[in-house]
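Have the view open beside you and take the points in any order you like.

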Amino acid sequence: MTLVEMNISDKFQLLTRLPLMQGLGGKDLAYIEETLGLHVNKCTAMPLAVQGDLCRDLTFVTDGLVTREHDTEDGRIRTISCLQTPMAIEPECLYGISCLYAASYRAQPGAGIIRIGKRDVNLLVDRYEIFRLNYMNALCSALHRERLRRDPCREKDAREKLLALLRKAFEGCTGGAQVIAKMTDLADRIGETRLNASKALNALQDEGVLRLTRGRLLIDDVGRLRM
């Protein structure tokens, strides 16, 4: 479906809710729609982005939930979480030395998808100061998250180390999440023995923060990680 097929009210409401577009006026949005020929495509079962693949365009998801999957570089730990929409998928990957997606993303079937090619994104950055500032804010936020992720763990207690690891992994996520990993791999990641990691996980399970199953940590609400 093209934006032209939507009524003016729905069209304006959709575009103004998109990250990076917020703050643009009606005339600017109308010009962008007319110039770029924006289309809202319905999501299929195919992934929207795959970890390690080259980012070639700016992708917006307009509605529904998005599932994010990330594997550590050594492949020993996988995290799965949910993101709220509307959202832009890793806009920071469109520029820079390495333009590879850091995670894989899937949306619910039927969710609205808008893709804007890099050349058109360059035009928006050049023409609209608000879009440019929004993009800079998105890049700064991504840099901040990456710095937090790489920040050395300062906690001394195994329980606090695990919580810090999970908070970093699920920063900006919502709802439920899960970690697929062996106990020994989690222990190695936080610099603890397998026994200490097991005790810490069982303590978090007793507190209702997570649930333990074979090879998985299930988190019903990532908000509890920050309580």
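**Notes on the predicted model**

1. Let's begin with a sheet. Four strands make an open sheet in the order β1-β7-β2-β5, and their pairing is antiparallel. β1 (41-42) and β5 are the edge strands with a single partner strand each, so one side of each has no neighbour in the sheet. Helices (H or I, at least four residues) and strands (E, at least two) are DSSP runs numbered from the N terminus, and two strands pair if DSSP finds at least two bridges between them.

2. A word on the source: this is a predicted model, in which local features need pLDDT of at least 70 and side-chain atom pairs count only at pLDDT 80 or more, while totals for chains, interfaces and linings use all residues. Residues are numbered from 1 along each chain as its sequence is written, and side-chain values use heavy atoms, with hydrogens and water left out.

3. Where do strand β2 and β5 meet? Strand β2 (residues 57-61) pairs with β5 in the antiparallel sense over two bridges. In this pairing, V61 stands opposite M87 in β5.

4. Six strands form an open sheet, β6-β3-β4-β8-β10-β9, with antiparallel pairing. Its edge strands, β6 (104-107) and β9 (211-213), each pair on one side only. From one strand to the next, the twist averages 15°; axes here are lines fitted to C-alpha atoms, for helices over the stretch in contact, and angles run from 0 to 180 degrees between N-to-C directions.

5. Look next at one pairing within that sheet. Strand β3 (residues 66-71) and β6 run antiparallel and are joined by four bridges. T67 stands opposite R106 in β6.

6. How do helices α5 and α6 cross? The axes of helix α5 (residues 158-169) and helix α6 (residues 183-190) come within 10 Å and cross at roughly 95°. The two are therefore roughly perpendicular to each other (under 35 degrees counts as roughly parallel, over 145 as roughly antiparallel, 65 to 115 as roughly perpendicular and the rest as oblique).

7. A158, K161, L162 and L165 in α5 meet L186, R189 and I190 in α6, where contact means heavy atoms within 4.5 Å. These residues divide into five nonpolar, no polar and two charged (Ala, Val, Leu, Ile, Met, Phe, Trp, Tyr, Cys and Pro count as nonpolar, Asp, Glu, Lys and Arg as charged, and the others, Gly among them, as polar).

8. How many aromatic pairs does a search of the whole structure find? There are two aromatic pairs. Y95 and Y135 form an edge-to-face pair, 5.8 Å centre to centre with 75° between the planes. Y95 is in the loop between β5 (87-88) and β6, while Y135 is in helix α4 (residues 129-150), 40 residues apart. F131 and Y135 form a tilted pair, 5.9 Å centre to centre with 55° between the planes. Rings of Phe, Tyr and Trp (its six-membered ring) pair if their centres lie within 6.5 Å; planes under 30 degrees apart count as stacked, over 60 as edge-to-face and the rest as tilted.

9. Finally, is Y95 buried or partly exposed? Y95 counts as partly exposed because its relative accessibility is 28%, whereas Y135, at 4%, counts as buried. Buried means under 20% relative accessible area, exposed over 50%, and partly exposed in between (1.4 Å probe, protein chains only).
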